[in-house]
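Open the model in a viewer and keep the sequence panel beside it. The stops below are given in the order in which to select them.

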Amino acid sequence: MQRSLLYGLLILMLFLIPGGHSSLFSLTGEARSGPQPFSGNVHSAIIPLTEIAETLHTTSPVDDYFIIRGEVFFSFPLPEPDLLKDIGHRLSVDRLENDSVYAYADRQGFEAFLSTGIPYQILPPPGKVDFDLNMKGLEALRGKDLSDSWDFYPTYEAYIDLMYRFEEEYPDLVRIVDIGETVMGRQLLFAAISPDPGQRRPVPQFMYTATMHGDEPVGFILSLRLIHYLLDNYGTDPEVTWLVDNVDIWISPNENPDGTYRDDNSSILGASRGNANWVDLNRNYPNPVNDPAAEQQVETTAMIGFTDTIPFVMSANMHTGIELVNFPYDSWRSHQRRHPDHDWWEFVMYEYVDTVHHYSPAGYMTGMGDGVTHGGDWYVVYGSRQDYFNYYRSCREFTLELSDRKIPEPELLPDFWGYNYRSLLNYIRQATFGVQGFVYDNETGQPLEAELFIPGHDSTSMAVWSSLPFGDYHRPLYAGEYSLRFDHPDYEAIETEGVEVGNYERIRLNVALGEDAGTRPVALDVQKDGEGVIFPFEGLQYFTEGSNAHFSALADEAWEFEKWVVDGTDYPEEQVSFIVTEGMEIRAVFKESDPVFVQEPEQPLTRFSLQPNPMSSSSELVLGLAEQETLSIVVHDMMGKPAGHIFDGVKPPGEHRFLLTNLYGDLRPGVYLLTVEADGKYRRVKRLVKLP
Ligand SMILES: [Zn+2]
């Protein structure tokens with residue numbers, strides 16, 4: 001007796017018990033061998049009772065599908081578009097392929113589907129594989145050289161341990177951020193990678209996440225490997241170093257650990273698409289057309305809450321089940337509504353896929369013909385994360401489908417890495433192109449949160465915003481000429497015309513709002529001599545003519561600020577302001593510090609930390625002194641005006657703590673510089689940020 005026939009009968013029996021749908025089965029049956037998909041329609045079969053009993057004793061598929069598992073995976077012939085749209089919302093459509101629909105359903109969804117009378121095939125759950133998953137536990141993974149092949153899947157404990165080990169081994173490059181718990185209390189983690197980890201920088205914020213469908217773990221491994229690759233190659237590989245220096249990279253390898261570790265923490269065998277409540281998290285986000293059928297899950301709430309605090313510019317979420325890239329929107333076909341940056345999307349998506357094709361064997365990532373599709377042209381879904389981020393958060397997110405097989409053999413994982421990692425890096429790099437800059441108040445230089453809208457191009461849902469504490473904005477754009485409008489409720493809007501952008505080009509346009517602020521962008525050649533940063537502006541700059549430009553210079557270790565040179569005139573102050581005119585040249589000059597001053601004492605400050613920063617009322621400055629010092633600790637705003645005194649006087653060697661509680665109450669939101677000066681012997685500066 002074929003097992004598949006047994007499955008059929010048992011499912012039939014189960015549906016007879018609650019009643020209602022048995023008449024919908026048009027019974028046809030055929031014998032199959034091996035672990036073939038089973039047809040839901042069976043003519044007749046004579047089954048010895050002993051065999052039924054035996055099957056029930058072991059892992060009965062009925063239990064599997066409808067009692068133990070709250071989701072069923074099945075396929076059916078592609079119905080009429082209207083019918084698909086109708087039932088599609090009740091199911092979780094995984095993909096359309098060869099005129100078949102592959103879908104998951106919970107019990108209610110499946111019952112709704114059965115009422116259509118469409119013939120179907122139950123498929124084995126993709127999480128139930130019959131090969132060795134090469135699961136690596138905590139100890140095995142600790143002993144593994146991670147520069148070596150990543151041909152394994154980690155246990156849950158090994159995964160969590162590995163994330164925190166990244167932080168231990170690379171404390172200067174990564175922080176692990178816990179954004180909340182799953183239904184079952186597992187952790188949702190991000191690795192935040194930056195040379196200043198834990199601090200917001202005025203650079204594009206970028207996010208990769210994977211495995212929001214728990215049974216699609218290729219992105220899980222690729223994300224972990226990407227974290228390691230970035231950390232391991234920083235400082236030696238110039239491309240990686242540049243990326244990490246210029247982008248804040250956030251990576252969450254597993255957004256649905258309850259689904260991945262469905263049966264238990266020691267294996268991904270039996271992984272499910274849905275979370276612990278059997279809800280498809282990629283149909284669970286707010287949607288502009290049709291709200292999700294299921295209640296918002298804690299995993300979704302955690303992601304929305306976390307990403308509300310960070311102005312992500314670009315992101316992607318990784319899946320398996322097919323091999324393609326899918327760009328917005330999911331909620332509409334491209335003839336109904338296109339993303340305002342449709343051209344940019346096509347350009348960036350083909351960059352991704354063409355690079356993959358160059359490094360992979362023929363046939364890989366060729367879903368929908370050439371591996372690129374507008375989401376809704378493939379099939380319309382509501383509640384996807386992609387549309388949430390694009391429509392509500394002005395973040396450009398696409399869906400990356402890495403493998404036809406949901407869970408491939410672990411020995412294939414290094415191949416998927418080899419095909420994709422260059423494209424993954426290229427996509428991060430795209431966040432650094434387009435138009436970007438700072439928006440600030442013309443008088444005070446304080447950063448502003450303003451809307452950047454491109455008339456005739458953007459739709460209302462696609463404007464981007466400059467964000468505090470720095471007032472920086474980042475707007476990827478396809479090559480062309482654009483008008484940019486900057487809007488803030490307290491100021492008159494400014495519109496600059498004729499801003500030309502090329503692909504792989506970065507235009508920095510800084511905009512002052514307020515009285516006397518100009519509207520025409522003019523280039524300023526901003527240079528620096530020696531070592532230092534010009535804060536917040538750096539490199540070739542466009543400012544609006546007539547606006548006030550506010551510059552601040554910060555010296556790196558072993559260098560000292562000497563002067564600004566603006567159109568041939570020297571200014572010794574570290575902060576300068578001037579009215580922008582065309583052709584202006586501005587240069588910051590740093591000189592090497594006196595070697596005696598650097599060497600003695602070698603580490604005059606054994607500790608200089610400011611936590612938390614952005615500040616709270618409990619922020620604290622900790623100074624470690626090698627010897628007794630006469631200290632002056634002062635805070636200035638970006639214009640060089642004193643904003644508060646923290647300490648003046650003598651302190652003995654050792655650690656000293658200064659609470660910033662009073663200062664916190666006095667400061668307006670913005671960026672400040674905290675300076676520690678030791679009686680003319682040395683001077684150290686830290687950026688201090690207060691959020692609104
Ligand atoms: Zn998926």
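Select residues 342-359, which form helix 12. This is a predicted model. The 18 residues of helix 12 reach 26 Å from the first C-alpha to the last, close to the 26 Å expected at 1.5 Å a residue.

Now show the side chains of W344, W345, V348, M349, Y352, V353 and V356, which are buried in helix 12. Look down the axis of helix 12: its buried residues fall within an arc of 150 degrees, so they line one face of the helix.

Next, go to F131, in the loop between strand 5 (121-123) and strand 6 (135-136). Is F131 buried or exposed? F131 is exposed, because it has 11 other C-beta atoms within 10 Å, and the cut-off for exposed is 12 or fewer.

The last stop is strand 22, residues 506-513. Seven of its eight residues are buried, so strand 22 is largely enclosed by the rest of the structure.

Display its partners in turn:

- Strand 16 (residues 434-441) runs parallel to strand 22 and is joined to it by six bridges. Pick G434 to find its bridge partner in strand 22, R506.
- Strand 25 (residues 541-544) also runs parallel to strand 22, with two bridges joining them. Here N510 stands opposite F543 of strand 25.

Note on methods. Residues numbered from 1 in each chain as written. Predicted model: local features only at pLDDT ≥ 70, side-chain atom pairs only at ≥ 80, totals over all residues. Helix = DSSP H or I, 4+ residues; strand = E, 2+ residues; numbered from the N terminus. Expected span 1.5 Å × (residues − 1). Buried ≥ 20, exposed ≤ 12 C-beta atoms within 10 Å, placed from the backbone. Arc of directions from axis to C-beta. Pairing = 2+ DSSP bridges.
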